[in-house]
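The following note was prepared for a colleague who wishes to check a model before using it in calculations. Please read the points with the coordinates open.

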Amino acid sequence: MSEKKEKPNYGGAGWHIVTNLATGLLLFFLGIYEGMYYHLGGYLLSVFSPYFIYNAGRWARGNILEERLRIRNELINLVQPRENDKILDVGTGGGLLAIGFAKRAKCKAVGIDIWLPFGGGTSMDTAEKNARIEGVNKFVTFKKADARNIPFPDEYFDVVVASFVIHMIKKDRIKALQEMIRVLKPKGKFAIIEPPRGIGGWVVDEKLKEVLKTMGLTDIKFQPLPVSYPKKRNVYIIYGKKT
C-alpha cells in the first residue's frame, strides 16, 4: 500500500470556525446576562449571535484547500510567469502564491509576511515546509517583513502579487501599495486578489484605479473572480503593469 502524500497547509478553516463560533456564543450569553441583570436593551446583543454561528458553519463545509488552489491557478493564468522572473508574494501566509508561481514556471519567488499570532494558522516554518512538500524549496525563500516597508531595492521584481492582504491593512494602506509598485520593474506585472469592499474604506472602484495610475501602473483592470468561502460571491483580481 502506497503512503498517503502529505498535503500542504495553506491555512485551514479552523481559525475562521473558532473565531466566528466564539463571537456568536459570546454575544448570545453576554446579551442574556446584560438583559437579565442590567438593562432590557442588552438582549439586543443576542440578535447578532446567529450570524456568527451561521458563518462558522459556512467555513466548516470543507474543500477549502481545493478552493484556494483554484484561486491561485486563476491568478497565475492571468499573470503568465516566465522561468527567469523574480516574484514577490506580499502577505504570503503559508506561501500559497510564491509556491504556486515557482511550481508553474520554475522561477525564483520570495514570500514576505509579518505572521501575526492567531493570524490564520500559518507561519514562516509552515511556508517553508509547504515549499518542501510541493518540491520547490530551492526556488522559494521566505522573509519576515511588512508590506509597508519592503526590504528590497527599487525595480527588483518582475511580478508582485498578493491575495486578500491589502484590504486588511487599515493603517498606511497607500504606503503598502506604493512599496509594492516601487520594487516592481518597469513593465513588471502587479496582480492582487481583493474583495470589492473591506475595512477602513477599502473599495474596488474607479477611484482606486486612479490611485494606482498615479503610483505608476497602466493597463489596469478589475477581473471578477467567483469564490465559495465563506459564501459564494465575486472578488476581484486587480491587475496592471508598471510604466
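1. Conventions. The model is predicted, so local features require pLDDT of at least 70 and side-chain atom pairs count only at pLDDT 80 or more, whereas totals for chains, interfaces and linings use all residues. Residues are numbered from 1 along each chain as its sequence is written, and side-chain values use heavy atoms, with hydrogens and water left out.

2. Sheet order. Seven strands make up an open sheet of mixed pairing, in the order β3-β2-β1-β4-β5-β7-β6. On average, neighbouring strands are turned by 15° against each other, direction ignored. Helices (H or I, at least four residues) and strands (E, at least two) are DSSP runs numbered from the N terminus; two strands pair if DSSP finds at least two bridges between them. Axes are lines fitted to C-alpha atoms, for helices over the stretch in contact, and angles run from 0 to 180 degrees between N-to-C directions.

3. The β6 end of the sheet. Strand β6 runs antiparallel to β7 (residues 233–242), and nine bridges join the two. Within this pairing, Phe222 stands opposite Ile238 of β7. Helix α7 (residues 206–214) packs on the sheet and touches both β6 and β7, its direction making about 140° with that of β6. Contact here means heavy atoms within 4.5 Å.

4. Strand β5. Eight of the eleven residues of β5 (residues 184–194) are buried, so this strand is largely enclosed by the rest of the structure. Buried means under 20% relative accessible area, exposed over 50%, and partly exposed in between (1.4 Å probe, protein chains only). Six bridges join β5 to β4 in a parallel arrangement, with Ala191 of β5 as the bridge partner of Val161. The chain passes from β4 through α6 to β5 in a right-handed β-α-β crossover; right-handed means that, with the strands pointing away from the viewer, the path from the first strand over the helix to the second runs clockwise. Strand β5 is also joined to β7 by six bridges, this time antiparallel, and Ile193 has Ile237 of β7 as its bridge partner.

5. Loop residue His167. Where does His167 lie? His167 belongs to the loop between β4 (157–163) and α6 (173–182). His167 counts as buried because its relative accessibility is 10%. Leaving aside residues up to four places away in sequence, it touches Arg173, Glu194, Pro195, Gly198, Ile199 and Trp202.

6. Helix α3. This helix (residues 64–79) has 16 residues and reaches 23 Å from its first C-alpha to its last, close to the 22 Å expected at 1.5 Å a residue. The expected span is 1.5 Å times one less than the number of residues. Among the buried residues of α3 are Glu67 and Arg72, together with Ile64, Leu65 and Ile71. Gln80, which follows the helix, has a positive phi near 55°.

7. The structure holds eleven salt bridges, each being a side-chain nitrogen of Lys or Arg within 4 Å of a carboxyl oxygen of Asp or Glu. Glu6 and Lys129 form one of them (3.0 Å, N to O). This pair connects the segment before α1 (14–37) with helix α5 (residues 124–133), across 123 residues. Glu6 is partly exposed at 44% relative accessible area, and Lys129 is partly exposed at 39%. Asp154 and Arg182 also meet in a salt bridge (2.7 Å, N to O). Here the loop between β3 and β4 is linked to helix α6, the partners being 28 residues apart. Asp154 is exposed, at 52%, while Arg182 is partly exposed, at 23%.

8. Which residue does Lys209 meet in a salt bridge? The partner of Lys209 is Glu206 (3.7 Å, N to O). About one helical turn separates these two residues of α7, because they are three residues apart. Lys209 is buried, with a relative accessible area of 16%. Elsewhere, salt bridges that share partners join Asp154, Lys175, Glu179 and Arg182 into one network.

9. Lys213. This residue also lies in α7 and is partly exposed, at 44% relative accessibility. Lys213 and Gly240 are 27 residues apart in sequence, with 9.1 Å between their C-alpha atoms.
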